[in-house]
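Dear colleague,

I am passing on the structure we spoke about, together with some notes on what turned up when I went through it. Please open it alongside this message, as the notes follow it from one part to the next.

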Amino acid sequence: MALPTLVTEHWYDLRDLSNLSREILEGADKILPHGIVYVLAALIGFVASFLIFVLPSQLIVGVYGERKLIGRMQSRYGPNRVGPFGLLQPIADAIKLMQKEALTPKGADRAVMYLAPIIFVAPAVLLFAVIPFGPKMILADINPALLYFLAVSSLPVLAAFMAGWSANNKYSLFGAMRIVAMSISYEVPLVLALLGVVLFTGTTSLQEMVLWQKHFDIWIVFLQPLALAIYFIAVSAELNRTPTDIAEAESEIVAGYLTEYSGMKWGLFYGMDIGYALAASAFAATVFLGGWSMFGLDKWVPPWMIIIGKTHLFYFVFIWTRGTLPRLRIDQLMAFAWKFMLPVALLNLVLVATERMLWVEQELDDSYLYIFAVVNIWAALGAIWAWSRFLGYRPERNPVRARLVNEAGGYVPVPEAAKGGK
Amino acid sequence: MEGFGVNFAFWTLSAVTLGAAGGVVVSRNLLHAVLFLILAFIGVAGFFVLLSAEFIAMAQVIIYVGAISVLVLFAVLLTPRAGRDNGETAMALPALLLAIAVATVFIFVVNDTNWTTVAKSPELATAELGTALLSTWVLPFELASVLLTAALVGAIMLVRSREEEAEDALA
Amino acid sequence: MTDAIKTEPFVLNIGPQHPSTHGVFRIKVTVDGEKVLDAEMVMGYLHRSMEKLAEERTYTQNIPFTDRTDYLSSMANNLGYCLAVEKLAGIGVPARGDAIRVIMAELQRLASHCMAVGAFTNDTGAWQTPVMWAFREREKILDIFEMTCGARLTCNYMRIGGVAFDLPAAFEPAVRKLLRELVPFIDEMEGLLVGNEIFLARTRGVGVLTPEQATNASLSGPLLRGSGIAWDLRKADPYCGYEQYDFDIPIGYQGDSFDRFIVRIEEMRQSIKIIKQALDGLPGGPHSTQVPLALRPPQGEAYARVEGSRGELGYYLVSDDGPSPYRFHIRAPSFINLSALKEMTVGGTVADAIVVLGSIDVVVGEIDR
């Protein structure tokens with residue numbers, strides 16, 4: 001597919017920042033000796049990614065915004081002391097963490113414990129390589145980008161396991177056991193949900209998915225709302241965020257696999273948790289919410305701003321659930337993944353495959369996409385409702401108000417009608 | 001293969017993969033051995049990337065690093081006395097012989113194969129792989145899935161016969 | 001083959017330093033994977049020897065001690081102790097004093113249940129939001145305590161024969177405003193949690209106590225009522241004129257953690273009802289009877305009990321005709337309710353054990369005294 005965009009190749013066209021960097025590098029290559037330009041490219045990449053992504057997303061939205069928003073949800077102020085509106089709080093935290101001693105407990109497996117944060121950090125950075133930030137702003141436009149994302153995002157599980165196992169602490173071991181036990185459960189529905197998207201768009205490249213959504217002027221979230229729901233739940237389990245922060249459940253196992261970490265080693269885990277959440281949000285924005293395209297608006301607004309905005313929108317939902325929901329138990333999460341999400345994901349896959357067949361084989365008009373969208377939204381709601389009823393979900397049977405008795409006495413038998421199930 | 005970068009990557013990956021494989025054998029802590037094994041898997045995935053077989057590289061990471069190593073970790077965690085000193089084992093000699101035999105077979109196969117370079121766009125490799133799996137090689141493909149299903153059912157049967165309580169643990 | 005896969009049970013110390021033990025309290029849990037095989041309670045980290053110390057001080061001097069047993073409901077503790085002394089010495093309380101005591105005890109119940117509900121949801125993993133909401137409301141109640149007696153947590157407000165001071169003029173409008181604000185808060189809290197699938201899944205059927213188990217373990221308070229037993233000392237053995245107020249006893253269905261939660265929520269509504277009635281019918285007259293400073297009750301013993309926030313809060317006093325009690329004993333509801341912890345946790349998972357502990361709503365100051 002051709003790139004349908006107004007973006008020009010001029011360096012001052014800030015709608016695509018790669019123009020600027022290319023211009024600088026080409027200019028530098030003429031002056032500087034051969035090879036130095038690579039170093040310069042790395043430096044520019046570092047500075048640019050810091051200014052465009054790390055500072056606004058990781059630090060301001062990720063650390064500051066999350067704390068501030070959750071603070072407001074909990075009717076308190078959140079950080080408001082360091083800098084204007086407390087904006088420098090993340091930096092103050094980082095300085096404090098670097099000064100702290102990173103303890104290693106006696107009897108810990110030192111090498112593994114030392115390596116775990118490093119292995120945890122690297123994939124978080126790698127994940128952004130395949131996210132398209134604009135028509136040409138993509139580091140590695142590889143064909144199996146979606147698979148790359150899945151592959152790389154399975155690595156932090158191992159790092160977390162290493163962290164938990166090496167610390168010689170029972171709580172850490174609990175966290176490690178939980179994260180390993182969970183990982184297979186949620187990855188199966190996650191992959192099945194994304195398979196539906198791949199099936200419909202016919203590509204595993206993220207850039208082409210964005211172009212597909214731009215071409216047909218419809219976001220995949222409308223075509224496959226069920227896939228997005230499953231993706232969201234599964235990825236929040238993968239990211240260890242409430243309501244599925246089972247591996248670091250604070251009220252149960254102190255901090256799970258992070259219990260024995262302190263100082264910047266802990267800070268790396270904390271910072272990269274946000275990095276993963278942002279990467280997962282950016283991925284969801286790309287696959288489900290049209291990426292850098294915005295119904296023609298991307299001609300005027302820089303596309304990288306659009307995708308960063310969508311990423312933050314998705315990240316806000318993460319913050320929101322974190323501020324609202326209690327935590328699931330591990331067996332409940334696994335039962336939910338296998339008994340609910342997996343069948344529903346399979347259903348979604350069958351539905352999408354049928355529609356794709358119809359659409360391609362019958363050579364239907366593009367407007368049929370909108371019919372599919374309506375059908376799929378209703379099918380998603382129906383599937384969720386019907387399958388949960390089938391699994392025995394009967395909320396109306398659960399009494400939510402205590403019974404009232406006016407006289408003190410002994411046991412008051414429960415009337416048969418009010419006997420609730422789960 | 002051309003260029004300094006590719007050569008450098010090849011030799012680095014070789015060193016990492018072989019070193020990790022050696023680590024699996026030498027390391028006395030079972031969990032360290034598993035971690036070395038994962039490193040070896042990742043090294044192999046790197047080789048696939050070097051060969052422009054990106055899809056297979058990703059599959060290698062997803063399946064071996066993401067799924068199989070997790071199962072191995074499970075197995076190690078469930079093994080009694082996993083942290084014991086695995087210094088001497090009765091299986092050392094048979095394992096060595098087996099390794100030599102497998103290596104011999106592989107070397108013969110590598111030598112006897114007529115390697116040709118196909119000038120083909122790697123972009124199409126994934127689609128062609130899919131088509132081939134579902135047309136030419138559909139029988140082995142389906143057989144493999146039947147085998148995996150059987151293994152799954154078998155695993156469930158094994159667990160179930162051990163303990164009936166497992167059923168209501170999930171309820 | 002199957003014998004080769006063996007899991008080894010191991011002991012996990014939950015506490016004394018743990019986010020969810022509500023103080024310095026330790027449970028030695030023997031677990032097989034996630035499953036709890038055995039739970040042993042280790043207590044005494046907060047022991048201050050209160051019962052012995054009280055034998056050295058006069059009856060009035062002992063009132064501040066009672067603040068510090070169950071520090072989340074000091075008013076109820078004051079009340080229980082004062083009732084015991086009054087029973088021992090045969091002292092009457094004026095009608096206004098009784099009404100003020102009822103208002104204060106019910107406000108304290110509201111504050112304590114706010115804490116209980118909030119901390120319980122925190123244990124289920126609702127990351128701090130419900131607990132912060134509950135704290136916000138609790139602060140308002142503590143403000144009223146501060147207005148009345150100058151202290152927020154350890155009030156030391158009740159006296160033998162009545163209360164320490166009369167109510168300030170701003171008290172009544174402040175309480176009425178508070179009650180108006182509390183009703184929507186309780187509805188909001190209920191809406192946030194009762195309809196929440198995850199909360200239900202975590203608490204329904206977790207830590208079930210049958211009515212037989214509950215009575216055999218001599219439990220009281222929301223635990224007993226959660227199991228479906230209509231037992232409330234305010235109805236069964238009225239004190240301070242509770243018989244004149246119209247309120248209901250909320251009881252649960254199957255005796256699980258969720259039932260205890262909804263019982264507490266409903267008890268907050270009933271407390272609001274009682275406070276309103278008490279405010280409407282607040283009699284005039286003195287707030288306290290004059291009691292000699294060096295009180296020497298006649299030889300004998302007395303046991304007075306009140307329905308505290310956590311259950312039957314009893315004070316047992318023996319007098320040898322001296323200025324200080326010969327024996328001073330507290331029937332601490334948390335301590336006795338805790339005895340059912342093992343029954344409730346064994347067979348569940350570690351996560352369930354935390355939820356069950358939260359649903360008991362223990363205060364370690366009261367357990368260890």
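C:Thr30 has C:Asp38 as its bridge partner in β3(C). That pair belongs to the antiparallel pairing of strand β2 (residues 26–32) of chain C with β3(C), which runs over seven bridges. Please keep in mind throughout that this is a predicted model.

The two strands are part of an open, antiparallel sheet of three strands in chain C, ordered β1-β2-β3. Its edge strands, each pairing on one side only, are β1 (10–14) and β3 (35–42) of chain C, and neighbouring strands of this sheet are turned against each other by 25° on average, with direction ignored. Packed on the sheet is helix α14 (residues 350–360) of chain C, which touches β2 and β3 of that chain and whose direction makes about 155° with that of β2(C).

One residue to look at here is C:Tyr303, which lies in strand β7 (residues 300–307) of chain C. Leaving aside neighbours within four places in sequence, C:Tyr303 is in contact with C:Ala84, C:Gly314 and C:Tyr316.

**Where chains A and C meet**

The contact between these chains takes 41 residues from chain A and 48 residues from chain C. On the chain A side, α11 (250–253), α13 (303–324), α14 (330–361) and β1 (403–405) each supply at least two residues, and by class that side has 18 nonpolar, twelve polar and eleven charged residues. Strands also pair across the two chains: β1(A) and strand β6 (residues 249–251) of chain C pair in the antiparallel sense over three bridges, with C:Pro250 in β6(C) as the bridge partner of A:Leu404.

**The nonpolar core**

The largest nonpolar core has 247 residues, and those touching the most other members are A:Ala160, A:Phe161, A:Ala163, A:Met182, A:Ile230 and A:Tyr231. Helix α7 (residues 170–201) of chain A gives the most to this core, with 16 residues. Beyond four places in sequence, A:Met182 touches A:Ala237, A:Ile246, A:Ala247, A:Ile330, A:Leu333 and A:Met334.

**Confidence**

The predictor gives the complex an ipTM of 0.78 and a pTM of 0.83. Chain C averages a pLDDT of 85, with 98% of the residues scoring at least 70. Over residues 1–5 of chain C, however, pLDDT stays under 50, and the model has three contacts beyond four places in sequence for them. Where pLDDT is low, the predicted coordinates should not be read in detail.

With best wishes

Methods
Residues numbered from 1 in each chain as written. Chains lettered and ligands numbered in written order. Predicted model: local features only at pLDDT ≥ 70, side-chain atom pairs only at ≥ 80, totals over all residues. Core = buried A, V, L, I, M, F, W, Y, C linked by C-beta atoms within 7 Å. Buried ≥ 20, exposed ≤ 12 C-beta atoms within 10 Å, placed from the backbone. Helix = DSSP H or I, 4+ residues; strand = E, 2+ residues; numbered from the N terminus. Contact = placed C-beta atoms within 7 Å. Nonpolar A, V, L, I, M, F, W, Y, C, P; charged D, E, K, R; others polar. Pairing = 2+ DSSP bridges. pLDDT = per-residue confidence, 0-100. Axes fitted to C-alpha atoms, helices over the stretch in contact; angles between N-to-C directions.
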